[in-house]
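Here is a friendly briefing on pockets, with the structure to follow along in.

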Amino acid sequence: MRFAEAGPAAQQSNFSMFQIVSDQSIINTYSKQDQLSCRKYAEYLELINDNPKMGYKKAAKLLGVRQGSTRWWHTKGPKRAVPIPIKTVKKLKEFGLLPFSIEHPEFDNIIRMMGVIFGDGSLDCNLNTFSFISSNFTDIETWKSDLLRIFPFAADKISIIEGGEYGHSYCIRTFDRSIIRFFVALGTPVGDKVTINYSLPSWLTNLSKESRIAFLDGYLASEVSVVRY
């Protein structure tokens with residue numbers, strides 16, 4: 001298993017072939033230490049493939065990692081461990097979300113959800129929750145329906161909270177970190193959008209008119225103020 005940088009794809013003239021989110025894009029949302037663990041794991045797999053009788057202690061020495069890491073990588077059966085970023089990649093692949101490009105059947109719906117995050121949606125700074133706030137419960141139900149259709153594995157990781165400081169509102173949240181990492185890799189802002197600097201992903205300008213409208217539909221429908229000149 002190799003996790004290579006996806007640089008050349010970004011320069012292809014045919015944008016439909018461009019991987020907006022790749023395996024490496026997901027891995028890059030994790031810490032430098034986690035990324036290093038993924039590289040070492042890939043090296044470990046290659047080393048063991050070439051030397052099937054090698055033990056985990058020797059593998060650790062050759063790779064320059066702790067024996068505790070290779071010991072669990074070496075374990076057979078369900079107890080075998082892999083780096084967390086790779087688990088996330090495997091989960092998203094299992095549900096057809098990687099690699100992600102404009103050819104994905106839910107592309108416009110995902111881009112619309114992304115637009116909502118730029119509006120009244122939020123990815124918290126610790127990457128623990130992904131939420132959307134609205135005073136219209138119908139919008140909340142629509143959001144939940146779309147979320148579960150695209151990310152069915154989040155069914156038991158969703159909550160809806162009623163509240164509102166200046167009137168009644170609803171907040172729907174998911175705690176599934178695979179979804180959170182996916183939207184981070186897409187280029188959505190993380191944290192309080194009032195205090196952080198953020199910009200639109202450059203690839204948005206290459207989308208079709210329909211897809212750009214989908215993004216704006218999500219953005220402007222999430223109770224933000226329309227710009228006045």
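The largest pocket is lined by 17 residues, and Gln33, Ser37, Arg66, Ser69 and Trp73 lie nearest its centre. A pocket here is an open set of points on a 1 Å grid over the protein atoms alone, where a 1.4 Å probe fits, with protein on both sides within 12 Å along at least five of seven lines; lining residues have an atom within 4 Å of a point. This is a predicted model, in which local features need pLDDT of at least 70, side-chain atom pairs count only at pLDDT 80 or more, and totals for chains, interfaces and linings use all residues. Residues are numbered from 1 along each chain as its sequence is written, and side-chain values use heavy atoms, without hydrogens and water.

**Largest pocket**

- Helices H2 (32-50), H4 (67-74) and H5 (84-94) each give two or more residues to the lining; helices are DSSP runs of H or I with at least four residues, and strands are runs of E with at least two, numbered from the N terminus.
- H2 provides the largest share, five residues.
- Its volume is about 370 Å³, meaning the space filled by probe spheres set on grid points joined across faces, edges and corners.
- The lining divides into nine nonpolar, five polar and three charged residues; Ala, Val, Leu, Ile, Met, Phe, Trp, Tyr, Cys and Pro count as nonpolar, Asp, Glu, Lys and Arg as charged, and the others, Gly among them, as polar.

**Second largest pocket**

- This pocket holds about 280 Å³ of space.
- Among its 15 lining residues, Gly119, Asp120, Gly121, Ile133 and Lys193 lie nearest the centre.
- Strands E1 (121-123) and E2 (130-134) each contribute two or more lining residues, with E1 giving the most, three.
- Its lining has three nonpolar, seven polar and five charged residues.
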